[in-house]
Amino acid sequence: FNEQNFIFQQSKTKDLLSPADLIPRLEDALGKFSRRDAAEVLQPVRTAVPLQKHGGFMGLMPTYMEKDGVLSTKFVCFYKREEGSTLPAVQATVVLLDPEYGNVKAVMDGEVITAMRTAAVSAISAKLLMPPQAEVLAILGTGKQALSHCRVFTEMFSFKELRVWSRTKEGAARFIRSIDGPVQGCSTAEEAVRGADVIVTVTGSTQPVLFGQWVKAGAHVAAVGACRPDWRELDDVLMKEAVVYADSREGAMLESGDVILSGAEVFAELGDVINGTKAAHREKTTVFKSLGMGVEDAVSAQLVFDRWKAQAGKF
Ligand SMILES: NC(=O)c1ccc[n+]([C@@H]2O[C@H](COP(=O)([O-])OP(=O)(O)OC[C@H]3O[C@@H](n4cnc5c(N)ncnc54)[C@H](O)[C@@H]3O)[C@@H](O)[C@H]2O)c1
Ligand SMILES: O=C(O)[C@@H]1CCCCN1
């Protein structure tokens, strides 16, 4: 393994991935995961190794899809960042292997994959769970995930109004400069979410930033941050009032402070809704608790690899 072509840097993954191509593959992968058929998807809950000295974790996210012949793992480091910090909260690398021989097929920058697949899965949750005729989208947080969610959600849906909130003025200003199209910067999270039909929480917060009393009945919340058992983004009121969906039930029970500490029940996985085995309660307030799964990285990395092979006329 020393051929340069097999290292996919950020610019390459960016060129080769698009939400339109990725979304059907992610829907298929979420459905397969929820069937718990070991020949379709083997994906243990992520192993998180604490990096105590640096306020972070290294997550290992292996996945094997026997029928599809896909074997991969992501290494992801994520950190609790203090206000004003300009360091990234998340850094990731995805390794794609040959399941028959165990050799490495490709090493890919994981930043674009993580940003796009996470936003695409949130968009799938909104497609399934948001109220009909949703008009207002609110995003809490203005980092990388906020930008990718904004891109994917505006590509997939036609909201009439987009609002954003950041804990810092600079964060909101940077976000507003980075995107095309109108967006309303809000000075409080409450102002951003009051009356919103869809709310995306993409902050590095470890305390609730979204409170049930602000959320319109019937709204859909895609909750993407707070991925440790003692970290929160949502309060108990919201967790208890909403119908809660997760990407992985086991993941949510082990990793999500919002689920564990509120005592809320996970009603279904997104894959159960895709498979038609659980209902999509669009008429109720819904929360999709996203923690991120290796199988999402596996199909994204495979897509990058397939597109590259097709372009390069390889094999
Ligand atoms: N579910 C998933 O699959 C998945 C994937 C990637 C990232 N994440 C999580 O999403 C979150 C955002 O990731 P990112 O890559 O966009 O990070 P980022 O560092 O680019 O952005 C983080 C944003 O959160 C804000 N923030 C940080 N602490 C806050 C606080 N205490 N209160 C309010 N806002 C705060 C920052 O100002 C910034 O706007 C992180 O929690 C990350 O762990 C989840
Ligand atoms: O699935 C992921 O890639 C992310 C990384 C950061 C923490 C939460 N999960």
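Reply: A crossing is called right-handed if the near helix is turned clockwise from the far one by less than a right angle, and left-handed if anticlockwise. By that rule, H3 makes a right-handed crossing with H4. This is a predicted model, in which local features need pLDDT of at least 70 and side-chain atom pairs count only at pLDDT 80 or more, while totals for chains, interfaces and linings use all residues. Residues are numbered from 1 along each chain as its sequence is written, chains are lettered from A and ligands numbered from 1 in the order in which they are written, and side-chain values use heavy atoms, without hydrogens and water.

Helix H3 covers residues 111-129 and helix H4 residues 144-156 (helices are DSSP runs of H or I with at least four residues, strands runs of E with at least two, numbered from the N terminus). Their axes come within 8 Å and cross at roughly 50 degrees (axes are lines fitted to C-alpha atoms, for helices over the stretch in contact, and angles run from 0 to 180 degrees between N-to-C directions). H3 is therefore oblique to H4 (under 35 degrees is roughly parallel, over 145 roughly antiparallel, 65 to 115 roughly perpendicular, and the rest oblique).

On the H3 side, the contact is made by Glu 111, Thr 114, Ala 115, Met 116, Thr 118, Ala 119, Ala 120, Ser 122, Ala 123, Ala 126 and Lys 127 (contact means heavy atoms within 4.5 Å). H4 contributes Lys 144, Gln 145, Ser 148, His 149, Arg 151, Val 152, Phe 153 and Met 156. By class, this contact has 9 nonpolar, 6 polar and 4 charged residues (Ala, Val, Leu, Ile, Met, Phe, Trp, Tyr, Cys and Pro count as nonpolar, Asp, Glu, Lys and Arg as charged, and the others, Gly among them, as polar).

H3 also meets helix H11, residues 294-312. Here the axes come within 10 Å and cross at roughly 115 degrees, and the crossing is right-handed. Ile 113, Thr 114, Arg 117 and Val 121 of H3 touch Glu 296, Asp 297, Ser 300 and Ala 301 of H11. The class count is 3 nonpolar, 2 polar and 3 charged residues.

Val 121 of H3 is buried, with a relative accessible area of 1% (buried means under 20%, exposed over 50%, partly exposed in between, with a 1.4 Å probe and protein chains only). Leaving out residues up to four places away in sequence, Val 121 touches Leu 26, Leu 30, Leu 270, Phe 288 and Glu 296.

Leu 26, Leu 30 and Glu 296 also take part in the contact of H2 with H11. Helix H2 (residues 19-35) and H11 have axes that come within 9 Å and cross at roughly 140 degrees, so the two are oblique to each other. Their crossing is right-handed. The class count here is 8 nonpolar, 1 polar and 4 charged residues.

In the loop between H3 and strand S7 (136-140) lies Gln 133. Gln 133 has a positive phi of about 55 degrees although it is not a glycine, and it is exposed, with a relative accessible area of 71%.
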